[in-house]
Amino acid sequence: MTDAVARIHAALADAGVTGWLHALDIDSGEQLDAGADQPVCTASVHKLCLLVTLHERAARGALDLAEQVEAVPEGRTAGPTGVAAMLDAARMSLRDLAYLMMAVSDNAAADLLLRRVGLDAVNATTARLGLTRTRAVHTFGEMLATIREDAGPDGARALADPRVVSRLRALDPARANRSTPRDMTRLLGAVWRDEACTPEHGAAMRRIMGLQVWPHRLASGFPFDDVHVAGKTGSLPTLRNEVGVVEYPDGGRYAVAVFTRTAHTAATLPAADAVIGTAARIAVDALRARAFRSAR
């Protein structure tokens, strides 16, 4: 595993990022640690915690996933996808809002769900599952508001200045929604083993995560028709993350969490996106090689 960790760090450095990774064989418990306990800002990765909370409450009968919600334009959380990008009122179920939140990282959908369940419920869920380093402190709208405030009067243009980016509260794990790579793989393992919720709701969550549309990060490391990747990305200025599960046709299941940070303020950095898949592939290959050696 030492060689794999060195290769992961080299790949991250070549891509111009600092990164932290944890990979877990969901069934055997074998793991690879490349900074697994580093506190990190989750950004939209925290929507996974909200998804689990929603389904946990539905399993207990505290809410109905078919419940209809009005998404009106006034006060809608901003974002480039889903309800956040729509101009008119929409009416949809909690389960469809959850789909948009996970598949296209819809901020408005996420905040409508948070309005229904609350931050305290999200934190209670992560605490119940033993995620001691994971905490939600703000909604996604509140997170975006801190970025606007910290950027100052020049708005989005100021985010090209590294000095401005360095003062963003949204990028400080002490003041933003946070976790660690190890906590995130623990959560993924619980979802895939049906420990986070009932099997019915576990299957629903796994289905939704498999519908994520972004192929440029975690999935880019596994370009095979018979390997299934289900994940959730997270992005903020200089920050690119993804957590997910890679499933092989032989039954192997691997939870991977990769969090990265770069000094470059450009919004488009293909190498920084792709190295998430590269690092994940190195980690999963190492876990599979160890399992093969143990089976011989």
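How many nonpolar, polar and charged residues are in the lining of the largest pocket?

A: Happy to. Keep in mind that this is a predicted model. By class, the lining of the largest pocket has 14 nonpolar, 11 polar and 5 charged residues.

Let's stay with that pocket for a bit. The largest pocket holds about 850 Å³ of space. Its lining takes in 30 residues, and those nearest the centre are Pro80, Leu144, Ser235, Leu236 and Pro237. If you want to find the surrounding pieces in the 3D view, look for helix 6, strand 7 (228–236) and strand 8 (239–247): each of them supplies at least two residues of the lining.

Helix 6 deserves a stop of its own. It covers residues 140–151, and Ala151 is in it. Ala151 counts as buried because its relative accessible area is 6%, and the cut-off for buried is under 20%. As for what surrounds it, Ala151 touches Ala158, Leu159, Val164, Arg167 and Leu168, leaving aside residues up to four places away in sequence. For a sense of scale, pick out Gly189 as well: Ala151 and Gly189 are 38 residues apart along the chain, and 37 Å separates their C-alpha atoms.

Now for the second largest pocket, where you'll find about 180 Å³ of space. Around it sit His55, Leu65, Arg95, Asp96, Tyr99, Glu200, His201, Ala204, Arg207 and Ile208. Two elements give two or more residues to this lining, namely helix 3 (94–103) and helix 9 (199–209). Helix 9 makes the largest share, with 5 residues. Sorted by class, this lining comes out as 4 nonpolar, 2 polar and 4 charged residues.

The structure holds 1 cavity of 30 Å³ or more. The largest cavity has a volume of about 50 Å³. Lining it are His46, Leu50, Leu114, Leu119, Val122, Ala136, His138, Phe140 and Asn177. That lining splits into 6 nonpolar and 3 polar residues, with no charged ones. How do spaces like these turn up at all? Rolling a probe the size of a water molecule over the atoms shows where empty space is left.

From here, move on to helix 2, which spans residues 47–59, and to helix 8, which spans residues 181–192. Their axes come within 11 Å and cross at roughly 35°. The crossing of helix 2 past helix 8 is left-handed. Where the two meet, helix 2 brings Leu48, Cys49 and Val52, while helix 8 brings Met184, Leu187, Leu188 and Val191. Check the classes in that contact and you get 7 nonpolar residues, no polar ones and no charged ones.

Is Glu56 buried or exposed? Glu56 is buried, because its relative accessible area is 12%, and anything under 20% counts as buried. Its contacts, again without residues up to four places away in sequence, are Thr125, Arg128 and Cys197.

To put the spaces side by side: the largest pocket has about 850 Å³, the second largest pocket has about 180 Å³, and the largest cavity has about 50 Å³.

Notes: Residues numbered from 1 in each chain as written. Predicted model: local features only at pLDDT ≥ 70, side-chain atom pairs only at ≥ 80, totals over all residues. Heavy atoms only, no water. 1 Å grid on protein atoms, 1.4 Å probe; cavity = no way out; pocket = protein on both sides within 12 Å on 5 of 7 lines; lining within 4 Å. Points joined across faces, edges and corners; volume = space filled by probe spheres on them. Nonpolar A, V, L, I, M, F, W, Y, C, P; charged D, E, K, R; others polar. Axes fitted to C-alpha atoms, helices over the stretch in contact; angles between N-to-C directions. Helix = DSSP H or I, 4+ residues; strand = E, 2+ residues; numbered from the N terminus. Left-handed = near helix turned anticlockwise from the far one by under 90°. Contact = heavy atoms within 4.5 Å. Buried < 20%, exposed > 50% of the residue type's maximum accessible area, 1.4 Å probe, protein only.
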